[in-house]
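Me: I would like a close look at a single part of this model, followed by how that part sits in the whole chain. Please keep it plain.

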Amino acid sequence: MAKTINTIINNEKHEIEVPYQMSLLELLREELNMTGTKEGCGNGECGACTVLLDDLPVRSCIILAHEIDQKEVVTIEGLKNTGDYEKIKEVFMAEDAVQCGFCTPGFVMAVKALLNRTKYPNDQDIKEALGGHLCRCTGYEAIHKAVKRLV
Ligand code: FES
Ligand code: FES
């Protein structure tokens, strides 16, 4: 069983037929070749696959592709064309908050969602925004400090 959906992904309109069981992550990576969104745990627990759905951060491995019908998705590829991406990248580099980089697109999308909500996040806002994002390499303090630099 499949469904035809109309969606906007990174500012581009798509009309696509998607199987009912396909996840948004599979659609992005396997059908649309948007491999910047990473697959970690595959069950909603690591945050590596985070994208924005109508401006809210979601874990694309546990969203079904057909659920984005009539909605707008932004992935790390879409964010790359924006000034916010450059700012976030700069502070992550400045604080050595990137090592292998696997988790980074998910963190960056979570930070973008946070900045959409408030231009002046406090420590608690940052903690909540990054909560549940796993990083095996960097240590969360560097990432937290990087986000603080944006304020
Ligand atoms: S791959 Fe989606 S939350 Fe881990
Ligand atoms: S930088 Fe390697 S998992 Fe986070």
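How many bridges join E3 to strand E4, and do the two run parallel or antiparallel?

Reply: Four bridges join E3 to E4 (residues 56–59), and the two strands run antiparallel. This is a predicted model, in which local features need pLDDT of at least 70, side-chain atom pairs count only at pLDDT 80 or more, and totals for chains, interfaces and linings use all residues. Residues are numbered from 1 along each chain as its sequence is written, while chains are lettered from A and ligands numbered from 1 in the order in which they are written.

Strands here are DSSP runs of E with at least two residues, helices are runs of H or I with at least four, and both are numbered from the N terminus. Two strands pair if DSSP finds at least two bridges between them.

E3 covers residues 50–53, and both of its faces are covered. Thr-50 and Leu-52 on one side are buried, as are Val-51 and Leu-53 on the other (buried: 20 or more other C-beta atoms within 10 Å of the residue's own, with C-beta atoms placed from the backbone).

On the E4 side, Leu-53 has Leu-56 as its bridge partner. The hairpin of E3 and E4 has two residues between the strands, and Asp-54 takes a positive phi near 45° there. E3 also pairs with strand E5 (residues 72–74), antiparallel, through two bridges. In that pairing Leu-52 stands opposite Val-74.

The domain assignment, automatic or from a database, gives domain 1 (2–74) and domain 2 (79–149). Their C-alpha centres lie 21 Å apart. The contact takes 14 residues from domain 1 and 13 residues from domain 2, where contact means C-beta atoms, placed from the backbone, within 7 Å. On the side of domain 1 that touches domain 2, E3 and E4 are the elements that give two or more residues. The largest share, three residues, comes from E3.

Of the 151 residues, 37% count as buried.

Technical notes: A residue is buried if 20 or more other C-beta atoms lie within 10 Å of its own, exposed if 12 or fewer, and partly exposed in between; C-beta atoms are placed from the backbone. Two residues are in contact if their C-beta atoms, placed from the backbone, lie within 7 Å.
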